[in-house]
Amino acid sequence: MCECCNGKKDIYLPELCTITKRRMLNGTELYMHLEKEDGGDFDYIPGQFVEVSIAGIGEAPISISSSPTQKGMELVIRNVGALTKVIHKLEVGDKIGIRGPYGSTYPIEAAKGKDLVFICGGIGLVPQRSFIRYALDHRADYGDITVLIGTKCHDMRLFREEIALWEERKDMTVMETIDEGHDCWNGNVGVVTTLIPKVESHLPNSQILVCGPPIMYKFVLMALAEAKVPEENIFVNLERRMKCGVGKCGHCQINELYVCQDGPVFRYSDLASVPEAI
Amino acid sequence: MSVSTVTKDQFKSFVAALVDSDQKVVGVQAKDDKFAFGELTDADNLRLDYDVTILPPKKYMLPQKETLMSFKVGGAAQTVQPDEKMVLIGVHPYDMVAINQMDTLFSQGQYDTHYMNRRNNITIIACDVVTPSENVFASSMNTATCDSGFDILLTDIGDTFVVEAATEKGEALVKTINGAKNADAADTDKRKAVQDKNVASLNKHQLECKPSDLPDLLEKSYDHPVWEEKAEMCYSCGSCNQVCPTCYCFDVQDEVNWDLKTGSRCRSWDGCLLANFATVAGNHNFREKRADRFRHRLYRKGKYVPGKIGGQIACVGCGRCISACTTKIANPVEIYNTLMEKN
């Protein structure tokens, strides 16, 4: 902040945070827990994302995976580009730049008292986990909680211990499937849409939260339409190139919507006249 | 605020004094057979009779490349804020309208200090058009004249300029013009005649509807064949983006210095016509087809950006994209008129 900015903050300046825990969830996904240097809380709502930065490499939008009911903030970062490759080399104690949080949120208030069905494909589980944990931490506020998880292959499954704990809970239903069968896997085989018929009776009166790779939405939404789920009960969490995070740079636009501001979580009925969305 | 007249010689002396001062002065100058905004080192080089500049003056608020912050590699960053003051001479009304739109876009919601600092440090001396360019259609877009954003507006009425000071900054500058006289009714009548003429004649392409009709027109034209037809000839070169006074999409890249220890985060112009504009990590391109990118530009101008700035159309009729496009497919008027035919 300086005099020339009329006391206004530079919206592009990241704040350094400390990596307090890290571990690989599978061959490509790194989990990290961050804390602010001043020990303060991160102020966010499930569904939002942050811009993660390493000075000298760049920035990328990353979903928040933790719930604000937890201390610190958790991110899961796939090793997929120049920036994330460097992030994967960071150790506990290293610093990382954070801007945000940005974007819309899951309907944590509007969904109170209602049943929740999470449909997660691959790393789509990462942002969904934020709301799942939030709902579990406010268990009495929500109805039934059902989590459907689809992963490409056994080796890529995320949060395995945590999912095992969810499976033991009596107050939620978890179903998992993998696209390709595996010797160590006795569970469902097939894409995540194959789980939908198993919970079909549940769907029309639930809030459905969907997050996964681009290809998944089409099939999940078709299955939900068949199950007569009203479009206003469906929330999709969309990915685009949210470069600036503040609605200026134009990269994340889907038609007139800016994913970094109007999204990433959209009520599906609001996307009816947005052909680029799905 | 005041309206005065100054002779062209008096104005030139004023510009010469500005150039001699320690203030940076930017003005329109000839560049081969075209015109461009550039730093003015000699008042004689200022060409207020120009038709259109190659690039719009937005490059002084949103430079082609600017440093947002400096950093230690892997460490903390410090914001770099521009503080250079500048007088910008010769902004045409259509470009002024574009700057006003950008001011809104960069200040609304999250306030962009980098853009706004540059903008606030610029004193704008606008001027009414003397020579229409080959592709201007400002009349169609209601941007042949402008009534705000500038500090001073000049109108060439022959041997003299009518000089309107619109802000305190402008008023203070006008006071430094030796020989300025209060404009009389005859002068302001002449000014009105120039402006009326521009309102009617800056129109090499005639939009067949009101600009305010464009959002509704586009609303029903999403699947129109014109997008595919035009885009077949599109090189995805982004020239239309680069010359546009209302295009403001940008990219941000980190640059590391030779010491490999320090560097800067820089912002540079980007363009939605470029093939990888919407590509995310993992190489998924959300707007892979040329026709989709081509349509996106026209929708931004006529529908999407207007939705953010109170319905103002984000095409100001400068005609630069028409001239810059190698394959002559970028003319917004031609496209909007085609949409009207078949709707």
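Residues are numbered from 1 along each chain as its sequence is written, while chains are lettered from A and ligands numbered from 1 in the order in which they are written. In this predicted model, local features need pLDDT of at least 70, side-chain atom pairs count only at pLDDT 80 or more, and totals for chains, interfaces and linings use all residues.

**Exercise 1.** State the confidence values for chain B and for the complex.

Solution. pLDDT is the predictor's confidence in each residue, from 0 to 100. Chain B averages 96, and 99% of its residues score at least 70. For the complex, the predictor gives an ipTM of 0.92 and a pTM of 0.95.

**Exercise 2.** Determine which residues of helix 5 of chain B are buried and which are exposed.

Solution. Step 1: apply the cut-offs (buried: 20 or more other C-beta atoms within 10 Å of the residue's own; exposed: 12 or fewer; partly exposed: in between; C-beta atoms placed from the backbone). Step 2: Asp187(B), Arg191(B) and Asn198(B) are buried.

**Exercise 3.** Describe how the two domains of chain A are placed and joined.

Solution. Step 1: the domain assignment, automatic or from a database, gives domain 1 (3–101) and domain 2 (115–237). Step 2: their C-alpha centres lie 25 Å apart. Step 3: the contact (C-beta atoms, placed from the backbone, within 7 Å) takes 15 residues from domain 1 of chain A and 15 residues from domain 2 of chain A.

Notes:
Helix = DSSP H or I, 4+ residues; strand = E, 2+ residues; numbered from the N terminus.
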